[in-house]
Amino acid sequence: MLVEVAVAAAVRGTFTYRVPSRLAGEVSLGSRVAVPFGKSQRATGYVVGLPTVPPPGVELRDVAAVLDEFPPFTEPMLRLIRWAEDYYLAPPGELLRAALPPGLNARRGAAAPARRGVDFAAPAPGAAEALAAMGARAHARRAVLEYLLARGRIPVEELRAAFPRGRPVLSALVKDGLATLETVAAVAGGDALLPASEEPFSLTTEQSSALARIAAASGAFHTFLLHGVTGSGKTEVYLQAIARARAAGQGALVLVPEIALTPQLAGRFRARFGDQVALLHSGLSDRERHSEWLRLRRGEARICVGVRSAVFAPVQDLGIVVVDEEHDPSFKQDDGPGYHARDLAVVRARVEGAVCVLGSATPSLETLENARTGKYQRIELPRRIDDRPMPEVRIVDLSRIRKGTPLPGLLSPVLADALSATVRAGRQAILFLNRRGFQTLVLCRDCGREERCENCSVSLTLHARRGVLLCHYCGATERMSRTCPACGGERAGVGVGTEQVEAGVKEIVPGARVARMDRDALSGAADVAELLARFARREIDVLVGTQMVTKGHDFPGVTLVGVVLADTALALPDFRAAERTFQLLTQVAGRAGRGDDPGQVVVQTFHPHSPAVAFAVGHDFAGFAELELDRRRSLGYPPFGRMLAVRVEGSESGARRTAEALGEAARPALGDGVTMLGPAPAAIERIRGRSRWHLLFRADDAAALRRIHRALKPTAARPPGGASIRFDVDPHAML
Ligand code: ADP
Ligand code: ZN
């Protein structure tokens, strides 16, 4: 018996080995094996083919061992991974490795503990009083107990998604009689696990017809775009479509952008499907991830809810794939093999003959175009649940505010008044600004010197509370001083960040309970969950934050959303800038008015007439999409053309020489439907002391891109000056 093995090393190509008869029964397609490789006695590899004839003229060596009781990859998974290697121009082995949980890469597959049921945690009577009496030092205990009080009885899994280190804390709370723990026996089908709060809703007419169309297509590959406005009940459609797949004995894969930011969502899946759900996200330890992975691989768990890398999760008999918020940029991997999990999800559904549902209120233009050409079928949920109105949106044109008007935290009088009125009425507000820190640029008034990072070509941001100037790329800090280090002149800061908005709110509405949600204020999933729980309990009136506040939160108390400056994303040198701005504005506006009280949104901007802003204000996705698609078509940009970014990093001269050599190598392949931008220094020329150059290719079709790749390969294999090169297919980041 012979096997074709992809070795997990930085080598191209695959190798053939012989299987000794003692291992013959254990090896199959997808097995992980130890093989002698080069001088090393044992390298790890994956069986990707079963050739029948040996390659001529090679002396074959034997497979040394089979590493797992199950082959980690099933046959369809291998097809998916090989497709991805080919499409993303990634070295073989790199994706195979990316597709496995880190725990498995490290050692032999250990047995997962047997599980017999689902654990539920709940606050015990008297927990609220105990919390009030708890000292400030008991930080972790407070956080977990607060969360339990806010959420009531929840699967322990949800708590673990929210607090990666929360399990021992929960045990301590149980020991002290502040929380209860109960195991509900697993029953075939899992229905007995439903806590009362998670009965399926009876669907609206529109939800029912969406579900009917998805159900009618099941059993074969089919992709749907579920285009539903914010609050239209998409999640309930996913849940019931999955329930049907389960009833037919099939498994389900659900991809979500970020589990830490939406612990409720993971909780809803656990609550409805209990033990059948495995969660895969970065908040878990390697061991936990490995154990969830094994539960799926063995068919003990049949539904996977996970982030980007979960597109490779070993769900058995896959019947349905759901990608929630399919437009979210976090599905695109920005380093390594650079795959897009949404696109791989569609391919995975195809190789497994499953139904794929891509859900969003603001579909990406790629997905929309696929729906327009009939490749995907579009299902619309045009109304909110209970016919709640979409929030009313008002524009504040910042350029027309009289010079000299004080704007604390860049909050205009209109937004300031709305904010005071909201807080006075006992309601809640969310303020969104996509810039961290207090001031984004510090200048000397006398000599004009800007404080810039020594390692990166970006300016430093003032973080007033910490009293430092911080580089947002490499994390380098400098102590803030009021005087210019060059001339001794007085320094001033410009550009508002979230820290300054927070200060502005405190000035405008004294006594308001304000909290900030960004990477500076929160250090992990536990902090995020704690903050969201406090907001849900209405212990916070105003939540100020970066794009973290735009995610799918569902807070009925929020009636006001303020966009402090809509223009931050518009200014980026990126062909998706308008699309991204439209998405952010629509998503954040969608947080308002989800309860019984109607919502209002105030958008501050210097560009009220830019299409992204104007169409978002009018809740007009179709209008925006039509205009933007026309623009893309005329430029030949995605979704009408294809792009490949070649990213070069190295020493100043190494990066430049390599980029120039690649440019020369590409030249013969240009024309004929391919154009090249660059080679040029990247918009951010230096990060962490490494110089960065980019080449950007735009092609009419995939075949043209392949020609370019072939032309570049010889140079890429031997870059002058030792620079590193990465091919980024369908690039998102343009900086
Ligand atoms: P989306 O994901 O489209 O923004 P959600 O699925 O979060 O919307 O639903 C919005 C709200 O409506 C949620 O609080 C959800 O529990 C509720 N909901 C969803 N479907 C129904 C239904 N059929 N009947 C009543 N409430 C529903
Ligand atoms: Zn830096």
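**Ligand 1**

I began at ligand 1 of this predicted model, where one of its oxygen atoms is 2.8 Å from a polar backbone atom of Gly231. I then found a polar side-chain atom of Lys234 2.9 Å from an oxygen atom of the ligand, and a polar backbone atom of Thr235 3.2 Å from an oxygen atom of ligand 1. I looked up the area next: ligand 1 taken alone exposes 560 Å², and the protein buries 79% of that. Accessible areas here are Shrake-Rupley values with a 1.4 Å probe, and for residues only the protein chains shown count as cover.

Which residues come nearest to ligand 1? I noted Ser202, Gln207, Gly231, Lys234 and Asp554, out of 17 residues around the ligand; a residue is near if one of its heavy atoms lies within 4 Å. Helix α9 (residues 234-247) gives the largest share of this shell, 3 residues. Helices are DSSP runs of H or I with at least four residues, strands are runs of E with at least two, and both are numbered from the N terminus. By class I have 4 nonpolar, 8 polar and 5 charged residues in the shell. In that scheme Ala, Val, Leu, Ile, Met, Phe, Trp, Tyr, Cys and Pro are nonpolar, Asp, Glu, Lys and Arg are charged, and the others, Gly among them, are polar.

**Ground rules**

I kept to residue numbers that run from 1 along each chain as its sequence is written, with chains lettered from A and ligands numbered from 1 in the order in which they are written. Local features need pLDDT of at least 70 and side-chain atom pairs pLDDT 80 or more, while totals for chains, interfaces and linings use all residues; side-chain values use heavy atoms, with hydrogens and water left out.

**Asp730**

I found Asp730 in the segment after β30 (724-729). Is Asp730 buried or exposed? Asp730 counts as buried because its relative accessibility is 18%, and the scale calls under 20% buried, over 50% exposed and anything in between partly exposed (1.4 Å probe, protein chains only). Its side chain makes a polar contact with the side chain of Tyr87 at 2.7 Å and another with the side chain of Arg642 at 3.4 Å. A polar contact is a pair of N or O atoms within 3.5 Å; within protein, one must be able to donate a hydrogen and the other to accept it, and residues adjacent in sequence count only if both atoms are side-chain atoms. Beyond four places in sequence, Asp730 touches Tyr87, Lys332, Asp343, Arg642 and Met643, contact meaning heavy atoms within 4.5 Å.

I placed Pro263 in helix α10 (residues 263-273), and at 2% relative accessibility Pro263 is buried. Leaving aside neighbours within four places, Pro263 is in contact with Tyr147, Glu158, Ala162 and Leu532. Pro263 and Phe163 are 100 residues apart in sequence, with 9.5 Å between their C-alpha atoms.

Ser209 sits in helix α8 (residues 205-217) and is partly exposed at 43%. From Ser209 to Arg400 I noted 191 residues in sequence and 47 Å in space, C-alpha to C-alpha.

**The whole chain**

I ended with the protein chain, which has 21 helices and 30 strands. Of its 735 residues, 55% count as buried. The C-alpha trace spans about 85 × 65 × 50 Å along its principal axes.
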